[in-house]
Amino acid sequence: MSYNLKVTIDKSSGFCFGVVYAIDMAEDILDQEEYLYCLGDIVHNDEEVERLKAKGLRIIDHDQLKGLHNEKVLIRAHGEAPSTYELALANNLTLIDASCPVVLKLQNRIKATHDDGEQILIFGKHGHAEVIGLQGQTDGKATVFMDIAELDNVDLPSKFTLYSQTTKSVDKFYQIKEELINRGYEVKANDTICRQVSNRYDELERFVKDFDKIVFVSGKKSSNGKVLYDVCKKYNNNAYFISNLEELDQTWFEPEDKIGICGATSTPMWLMEQVKTQLESL
């Protein structure tokens with residue numbers, strides 16, 4: 001039996017410019033050289049990482065970086081803390097800096113605020129590469145929290161500056177700001193969420209309403225993927241999250257279904273194209 005599914009990929013899904021910039025930079029070097037070190041996964045998508053590893057990208061962590069000398073190392077879009085640049089100087093490492101301009105601007109703002117002696121709160125994911133880089137601008141003194149409940153038992157000063165990881169939910173950021181003000185704090189809030197990411201909320205809301213089923217493609221490690229999938233699920237309850245082709249389940253679909261495919265800012269378009277091909281073959 002053929003399902004005859006009508007499948008459409010969301011045109012606004014796929015890599016954001018920060019990820020495109022980093023991957024283009026890596027591929028340009030790998031076209032000329034046998035290998036290139038990259039500090040951390042270049043993008044939170046295992047399939048894309050494997051594709052680039054096959055071209056010679058070597059993923060290393062911070063411990064491995066310490067033992068590296070006289071090599072080239074790519075800094076991915078998430079950015080890095082100042083200590084990474086200091087280590088690179090000490091070890092004679094050439095850094096290929098593909099930090100996203102939006103992240104770099106945020107790092108500079110946080111550093112300036114810290115240098116002014118203000119207490120900083122960062123709404124972000126603990127241990128996330130971008131957040132580690134942001135916290136590094138404050139010598140580790142910023143308070144990072146993922147949810148307002150984490151601040152319930154924290155002794156905060158009466159006034160502070162609030163920043164956000166660039167891929168967080170705009171709505172949640174403003175809810176947190178209002179709640180902190182309601183708790184009596186003087187909050188200087190800086191909305192530092194990337195608009196290329198936040199604009200996708202509205203685009204996805206419009207997109208998912210037109211389909212019987214939604215297949216959302218994203219790496220499990222992507223913070224942005226989790227947020228965008230929640231948007232899909234909110235406006236179309238028949239939304240399914242997959243990371244690769246093997247996770248597609250034929251039982252989700254009915255013959256003649258209209259299927260929409262969308263993804264995170266770290267989801268490669270070639271992977272969504274593969275999902276489309278597979279669905280059309282059912």
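Visitor: Before anything else, what kind of model is it, and what goes into the values?
Guide: It is a predicted model, in which local features need pLDDT of at least 70 and side-chain atom pairs count only at pLDDT 80 or more, while totals for chains, interfaces and linings use all residues. Residues are numbered from 1 along each chain as its sequence is written, and side-chain values use heavy atoms, with hydrogens and water left out.

Visitor: How many helices and strands are there?
Guide: The chain has 10 helices and 12 strands. These are DSSP runs, with helices being H or I of at least four residues and strands being E of at least two, numbered from the N terminus.

Visitor: On to helix packing. At what angle do H1 and H2 pack?
Guide: Helix H1 (residues 17-32) and helix H2 (residues 46-54) pack at about 20 degrees, with their axes 11 Å apart. Axes are lines fitted to C-alpha atoms, for helices over the stretch in contact, and angles run from 0 to 180 degrees between N-to-C directions. H1 and H2 are therefore roughly parallel, a label for angles under 35 degrees.

Visitor: Which residues make that contact?
Guide: Ile23, Glu27 and Leu30 come from H1, and Glu48, Arg51 and Leu52 from H2. By class, that contact has three nonpolar, no polar and three charged residues. Ala, Val, Leu, Ile, Met, Phe, Trp, Tyr, Cys and Pro count as nonpolar, Asp, Glu, Lys and Arg as charged, and the others, Gly among them, as polar.

Visitor: How do H5 and H6 cross?
Guide: The axes of H5 (residues 101-115) and H6 (residues 129-136) come within 8 Å and cross at roughly 30 degrees. H5 and H6 are therefore also roughly parallel to each other. On the H5 side the contact uses Val103, Leu106, Gln107 and Ile110, and on the H6 side Glu130, Gly133 and Leu134. Those residues divide into four nonpolar, two polar and one charged.

Visitor: New topic. Is Thr167 buried or exposed?
Guide: Thr167 is buried, at 15% relative accessible area. It lies in the loop between strand S8 (159-164) and helix H7 (170-182).

Visitor: What does Thr167 touch?
Guide: Not counting residues up to four places away in sequence, Thr167 touches Val197, Tyr201, Ser223, Asn224 and Val227.

Visitor: What is phi at Asn70 and Asn92?
Guide: Phi is near 55 degrees at Asn70, and Asn92 has a positive phi of about 55 degrees. Most residues other than glycine have a negative phi. Asn70 is in the loop between H3 and strand S4 (72-75), and Asn92 in the loop between helix H4 (82-90) and strand S5 (94-97). Asn70 counts as exposed at 56% relative accessibility, as does Asn92 at 52%.

Notes:
Angles under 35 degrees count as roughly parallel, over 145 as roughly antiparallel, 65 to 115 as roughly perpendicular and the rest as oblique. Contact means heavy atoms within 4.5 Å. Buried means under 20% relative accessible area, exposed over 50%, partly exposed in between (1.4 Å probe, protein chains only).
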